[in-house]
Amino acid sequence: MFRRREPVPFAFPAEADRFRSNVTPPPRGRASLGEMAGRWLLGLTLVAGLIGALVLAMPALSTPVGKPAQQSQASQGH
């Protein structure tokens with residue numbers, strides 16, 4: 001049986017270190033005032049939502065302080 005001499009289909013990543021481009025990408029444009037305000041608003045909304053969820057969940061996570069823990073009737077011997 002003989003082996004075929006075909007190029008590997010994805011050999012180009014191995015050759016990528018030899019290729020250097022002389023084309024530089026265009027500089028990034030500055031964000032407008034509206035885009036900056038939108039990003040801040042989105043960030044504040046996410047943080048406020050997380051804090052609100054934590055505040056609403058705190059009563060459910062806390063245990064009552066003044067009441068003793070309930071025991072079942074089976075544990076009292078009835």
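M36, W40 and L44 make up a nonpolar surface patch with about 370 Å² of accessible area together. Patches consist of residues with over 30% relative accessible area and no salt bridge, nonpolar side chains (Val, Leu, Ile, Met, Phe, Trp, Tyr) being joined within 5 Å and like charges within 9 Å. A salt bridge places a side-chain nitrogen of Lys or Arg within 4 Å of a carboxyl oxygen of Asp or Glu. Areas follow the Shrake-Rupley method with a 1.4 Å probe, and for residues only the protein chains shown count as cover.

This is a predicted model: local features need pLDDT of at least 70, side-chain atom pairs 80 or more, while totals for chains, interfaces and linings use all residues. Numbering starts from 1 along each chain as its sequence is written, and side-chain values use heavy atoms, without hydrogens and water.

W40 sits in helix 1 (residues 33-61); helices are DSSP runs of H or I with at least four residues, and strands are E runs of at least two, numbered from the N terminus. W40 is exposed, at 60% relative accessible area (exposed is over 50%, buried under 20%, partly exposed in between; 1.4 Å probe, protein chains only).

| Item | Value |
|---|---|
| Helix 1, residues | 29 residues |
| Helix 1, first to last C-alpha | 42 Å |
| Protein, accessible surface | about 8,600 Å² |

Helix 1 has zero buried residues, so it lies largely in the open.

Methods
Expected span 1.5 Å × (residues − 1).
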